[in-house]
Amino acid sequence: LLCEDVNVDRFFPVLYPKASQLIVAFDEHVISNNFKFGVIYQKAGQTTEEEVFSNTEESLAFLEFLEFLGDRIQLQDFRGFRGGLDVTRGQTGTESVYTNFRGKEIMFHVSTKLPFTEGDAQQLQRKRHIGNDIVAIVFQDENTPFVPDMIASNFLHAYVVVQLAHGAIGETLYK
């Protein structure tokens with residue numbers, strides 16, 4: 001059942017006291033070429049999880065930032081790394097942002113592109129994906145306080161807060 005090329009009748013357990021530690025150590029060093037990151041759009045003055053997950057409209061600055069991150073892709077029949085998004089029935093929205101950076105596939109779980117459920121203050125459809133990512137990028141049009149505690153998650157460990165800035169000749173910069 002493990003592999004058709006293996007030709008044995010039976011497997012026997014190997015008893016080794018430190019086996020579980022060795023397996024964990026090996027598992028921590030596995031190199032992955034697929035990554036998923038949350039992207040949260042935080043409008044000026046929004047300070048709660050409910051507020052940021054309820055955003056349905058995107059500013060031009062946020063759309064430009066998404067273009068900077070990667071390519072806007074249609075989820076239907078998408079063939080690359082999908083990061084847990086539904087590519088057959090449309091249950092996780094119709095589009096997302098994806099990139100292949102130096103051979104690493106990255107799918108972004110964009111809060112405004114995940115389904116919005118009317119009457120669901122917590123927006124569990126959106127939180128289900130972003131709350132299970134390890135890293136979230138928080139995009140702000142304007143300087144707004146962000147506290148990691150505002151998003152309840154056992155998995156999110158790193159937040160990258162990005163703000164729009166402009167250079168001396170008006171070019172778009174991010175800080």
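This is a predicted model: local features need pLDDT of at least 70, side-chain atom pairs count only at pLDDT 80 or more; totals for chains, interfaces and linings use all residues.
Together with Ile40, Ile73, Phe78 and Met107, Ile151 is among the residues with the most contacts inside the largest nonpolar core, a set of 18 residues. As a general background, nonpolar side chains in soluble globular proteins tend to be buried together.

Now step back to the whole fold. The protein chain holds four helices and seven strands, and if you walk along from the N terminus, the elements come in the order α-β-α-α-β-β-β-α-β-β-β. The radius of gyration is 20 Å, well over the 16 Å that the globule rule gives for 175 residues, so the chain is more spread out than a compact globule. Taken along the principal axes, the C-alpha atoms fill a box of roughly 70 × 40 × 35 Å. Of the 175 residues, 35% are buried. Among contacts with a separation of 6 or more, 55% are between residues 24 or more positions apart. The accessible surface amounts to about 11700 Å², and carbon and sulfur atoms account for 55% of that area.

The charged side chains are the next stop. Side chains of opposite charge can pair when their charged atoms come close. In this model the count of salt bridges is five. One of them joins Lys36 to Asp133, with an N to O distance of 4.0 Å. Because Lys36 sits in strand β1 (residues 34–42) and Asp133 in the loop between α4 (124–130) and β5, this pair ties together parts that are 97 residues apart in sequence. How exposed or buried are the two partners? Lys36 is partly exposed, at a relative accessible area of 34%, whereas Asp133 is buried, at 0%.

Lys113 deserves a visit too, as a residue with two salt-bridge partners to look at, Glu58 and Glu95. With Glu58, the closest N and O atoms are 3.2 Å apart. This pair links distant parts of the chain, with Lys113 in the loop between β4 (104–110) and α4 and Glu58 in the loop between α2 and α3 (60–69), 55 residues apart. Lys113 counts as buried because its relative accessibility is 13%, while Glu58 is partly exposed, with a relative accessible area of 24%. With Glu95, the closest N and O atoms of the bridge are 2.9 Å apart. Here Lys113 reaches a residue of strand β3 (residues 95–101), 18 residues apart from it in the chain. Glu95 is buried, at a relative accessible area of 17%. Through shared partners, salt bridges join Glu58, Arg72, Glu95 and Lys113 into one network.

Finally, turn to the outside. Which residues form a nonpolar patch on the surface? They are Val14, Tyr16 and Leu22, and together they have about 350 Å² of accessible area. Val14 is placed in the segment before α1 (19–28). Its relative accessibility is 73%, so Val14 counts as exposed.

Conventions. Residues are numbered from 1 along each chain as its sequence is written. Side-chain values use heavy atoms; hydrogens and water are left out. Patches are made of residues with over 30% relative accessible area and no salt bridge: like charges are joined within 9 Å, nonpolar side chains (Val, Leu, Ile, Met, Phe, Trp, Tyr) within 5 Å. Accessible areas come from the Shrake-Rupley method with a 1.4 Å probe; for residues, only the protein chains shown count as cover. A salt bridge is a side-chain nitrogen of Lys or Arg within 4 Å of a carboxyl oxygen of Asp or Glu. Helices (H or I, at least four residues) and strands (E, at least two) are DSSP runs, numbered from the N terminus. Buried means under 20% relative accessible area, exposed over 50%, partly exposed in between (1.4 Å probe, protein chains only). A nonpolar core is a set of buried Ala, Val, Leu, Ile, Met, Phe, Trp, Tyr and Cys residues joined through side-chain atoms within 4.5 Å. The radius of gyration is taken over C-alpha atoms; the globule rule is 2.2 Å times the number of residues to the power 0.38. Contact means heavy atoms within 4.5 Å.
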